[in-house]
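Please consult the sequence and the structure shown below while reading.

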Amino acid sequence: MMLLLALSLITTTHQVDEKQMADAIQTAKDFVTLVDVNDAKKLEKILHPDMVQFAKIGDQLMPFKGSDYVQMVADKKLGG
């Protein structure tokens with residue numbers, strides 16, 4: 001789901017060429033994998049610290065900055 005959302009945002013904001021799309025797909029895959037294996041150091045390299053991501057917890061959407069997200073992965077509160 002996150003991969004699909006990331007790709008839809010990229011394709012709707014501007015025109016991208018094949019290399020940009022391939023790079024975006026690879027980055028999205030890397031993101032999912034790095035969260036799954038709790039590799040916060042590598043995750044930190046691909047996320048902008050001011051990036052905001054939303055997670056649905058119950059009925060609420062909770063915003064997380066990139067730096068907070070990385071810390072939560074490092075603390076094993078996300079992923080794994």
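## Basis of the report

The model is predicted: local features need pLDDT of at least 70, side-chain atom pairs count only at pLDDT 80 or more, and totals for chains, interfaces and linings use all residues. Residues are numbered from 1 along each chain as its sequence is written, and side-chain values use heavy atoms, with hydrogens and water left out.

## Salt bridges

The structure contains two salt bridges, a term that denotes a side-chain nitrogen of Lys or Arg within 4 Å of a carboxyl oxygen of Asp or Glu. Side chains of opposite charge can pair when their charged atoms come close. Helices (H or I, at least four residues) and strands (E, at least two) are DSSP runs, numbered from the N terminus. Lys19 is exposed at 57% relative accessible area, whereas Asp23 is partly exposed at 39%. Here buried means under 20% relative accessible area, exposed over 50%, and partly exposed in between (1.4 Å probe, protein chains only).

The side chains of Lys65 and Asp50 form a salt bridge at 3.6 Å, N to O. Lys65 lies in strand β2 (residues 60–65) and Asp50 in the loop between α3 (40–46) and β1 (52–57), so this pair ties together parts that are 15 residues apart in sequence. Lys65 is partly exposed, with 38% relative accessibility.

## Nonpolar surface patch

Val52, Phe54 and Leu61 make a nonpolar surface patch of about 320 Å². Patches are made of residues with over 30% relative accessible area and no salt bridge; like charges are joined within 9 Å, and nonpolar side chains (Val, Leu, Ile, Met, Phe, Trp, Tyr) within 5 Å. Accessible areas come from the Shrake-Rupley method with a 1.4 Å probe, and for residues only the protein chains shown count as cover. Phe54 is located in strand β1 and is exposed, at 52% relative accessibility.

## Nonpolar core and Gly66

The largest nonpolar core has ten residues in all, among them Phe31, Leu43, Leu47, Phe64 and Val70. Helices α2, α3 and α4 each supply at least two residues of this core. A nonpolar core is a set of buried Ala, Val, Leu, Ile, Met, Phe, Trp, Tyr and Cys residues joined through side-chain atoms within 4.5 Å. Residues up to four places away in sequence aside, Val70 touches Ala40, Leu43, Glu44 and Leu47; contact means heavy atoms within 4.5 Å.

Gly66 is placed in helix α4 (residues 66–74) and is buried, with a relative accessible area of 1%. Although Gly66 and Leu47 are 19 residues apart in sequence, their C-alpha atoms are 5.9 Å apart in space. With residues up to four places away in sequence not counted, Gly66 touches Leu47, His48, Pro49 and Met51.

Asn38 occupies the loop between α2 and α3 and is buried, at 18% relative accessibility. A polar atom of the Asn38 side chain lies 2.8 Å from the backbone oxygen of Leu78. Not counting residues up to four places away in sequence, Asn38 touches Val73, Lys76, Leu78, Gly79 and Gly80.

Asn38 has a positive phi, near 55°, in a residue other than glycine. Lys76, also not a glycine, has a positive phi of about 60°. Lys76 is found in the segment after α4 and is exposed, with a relative accessible area of 61%.

Terms used: Polar contact = N/O pair within 3.5 Å; in protein donor to acceptor, adjacent residues only side chain to side chain.
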